[in-house]
Amino acid sequence: IVFENVSFSYKNKSVKNIDNISFKLKKGETLGIIGATGSGKTTVVNLLTRFYDIDGGSITLDGESIYDIPKKKLRGSIGIVLQDTVIFNDTIMQNIRYGRLDATDEEVIAAAKTAKVADFAEKMADGYDTMLTEGGGNLSQGQRQLIAIARAVLADPKILILDEATSSIDTRTEVHIQEAMLALMKGRTSLIIAHRLSTIRDADKIVVIDGGKVVEAGNHEKLLSENGAYARLYNTQFAGIKT
């Protein structure tokens with residue numbers, strides 16, 4: 001995935017929401033994207049998935065412009081796990097199967113095991129046939145998130161996007177979700193938008209976005225050594241140091 005001098009404005013073309021952003025991600029690498037609310041993190045994802053079209057620059061996949069790839073094919077190669085998971089009034093089995101509608105029961109269960117849904121589903125009275133309420137009111141937030149991860153495992157996308165996927169989760173549950181996410185990310189090109197830096201500490205590359213611009217880039221160790229915005233945020237979260 002290559003972003004080269006990408007610019008974008010939602011409405012007012014004189015105000016750039018994304019301003020001249022560039023980064024390169026090799027196959028199988030993980031990119032962590034951090035920044036304050038409104039900094040432009042999610043906009044990067046919206047441009048890659050073509051929910052919006054760029055104003056300038058280029059975005060390529062395997063050397064091909066995303067505008068030369070049919071939208072259906074482009075989006076079919078991308079799996080997204082969001083902060084809020086849509087749960088349907090259906091069984092656990094069917095809720096996971098939304099990741100790939102032609103999947104067999106065996107494939108659904110294999111995805112459930114990878115995503116740790118099996119840990120709670122198999123303890124329920126009706127197992128995978130347990131009916132879920134609209135919105136998943138009879139599941140915890142963490143369990144709903146694991147179902148979203150199971151869907152992505154089942155879809156088997158080439159590119160994975162995790163958008164604030166652990167921000168609503170308590171720290172104890174986060175450990176289980178991180179284990180499931182690591183299994184999902186294995187061998188895939190992944191973009192992780194995160195508020196909690198524990199989610200992206202091990203990313204191959206990290207970019208810090210502020211005001212629509214990349215203000216810092218590097219891996220965890222490099223960014224800590226630079227003692228800039230990333231280091232301040234990291235120290236606030238993990239060492240209790242106030243900025």
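User: Where do helix and strand labels come from, and how many helices and strands does the protein chain have?

Analyst: Helices and strands are DSSP runs, numbered from the N terminus. In this predicted model, the protein chain has 9 helices and 10 strands.

User: What does the radius of gyration say about the protein chain?

Analyst: Compare it with the value for a compact globule. With 243 residues, such a globule would have a radius near 18 Å, and the protein chain has 19 Å, so the two agree. The C-alpha atoms fill a box of roughly 55 × 45 × 30 Å along the principal axes.

User: What share of the residues is buried?

Analyst: Buried means under 20% relative accessible area. Buried residues make up 47% of the 243 in the protein chain.

User: Which residues touch the most other members of the largest nonpolar core?

Analyst: A nonpolar core joins buried nonpolar residues through their side chains. The largest one here has 43 residues. Ile92, Ile96, Val117, Ile147, Ile149, Ile200 and Tyr230 touch the most other members. Elements giving two or more residues include α3, α4, β7 and α9. α6 gives the most, with 8 residues. Apart from this core lies another, of 27 residues, among them Phe8, Ile21, Ile78 and Ile193.

User: Which residues does Tyr230 touch?

Analyst: Leave out residues up to four places away in sequence. Tyr230 then touches Ile34, Leu197, Ile200, Arg201, Ile206, Val208, Glu216, His220, Leu223 and Leu224.

User: Which residues make the nonpolar surface patch?

Analyst: Look for nonpolar side chains with accessible area that are joined to each other. Here Tyr10, Phe51, Tyr52, Ile80 and Leu82 make a patch of about 460 Å². Phe51 sits in the loop between α1 and β4. Its relative accessible area is 48%, so Phe51 is partly exposed.

User: What is phi at Asn5, and where is Asn5 found?

Analyst: Asn5 has a positive phi of about 50° although it is not a glycine. Asn5 is found in strand β1. At 39% relative accessibility, Asn5 is partly exposed.

User: And where does Asp156 lie?

Analyst: Asp156 lies in the loop between α6 and β7. Phi of Asp156 is near 55°, also a positive value in a residue other than glycine. The cut-off for exposed is over 50%. Asp156 has 52% relative accessibility, so Asp156 counts as exposed.

Technical notes:
Residues numbered from 1 in each chain as written. Predicted model: local features only at pLDDT ≥ 70, side-chain atom pairs only at ≥ 80, totals over all residues. Heavy atoms only, no water. Core = buried A, V, L, I, M, F, W, Y, C linked by side-chain atoms within 4.5 Å. Buried < 20%, exposed > 50% of the residue type's maximum accessible area, 1.4 Å probe, protein only. Helix = DSSP H or I, 4+ residues; strand = E, 2+ residues; numbered from the N terminus. Contact = heavy atoms within 4.5 Å. Patch = residues over 30% accessible without salt bridge, like charges linked within 9 Å, V, L, I, M, F, W, Y side chains within 5 Å. Areas by Shrake-Rupley, 256 points an atom, 1.4 Å probe, with all protein chains shown as cover. Salt bridge = Lys/Arg side-chain N within 4 Å of Asp/Glu carboxyl O. Rg over C-alpha atoms; globule rule 2.2 N^0.38 Å.
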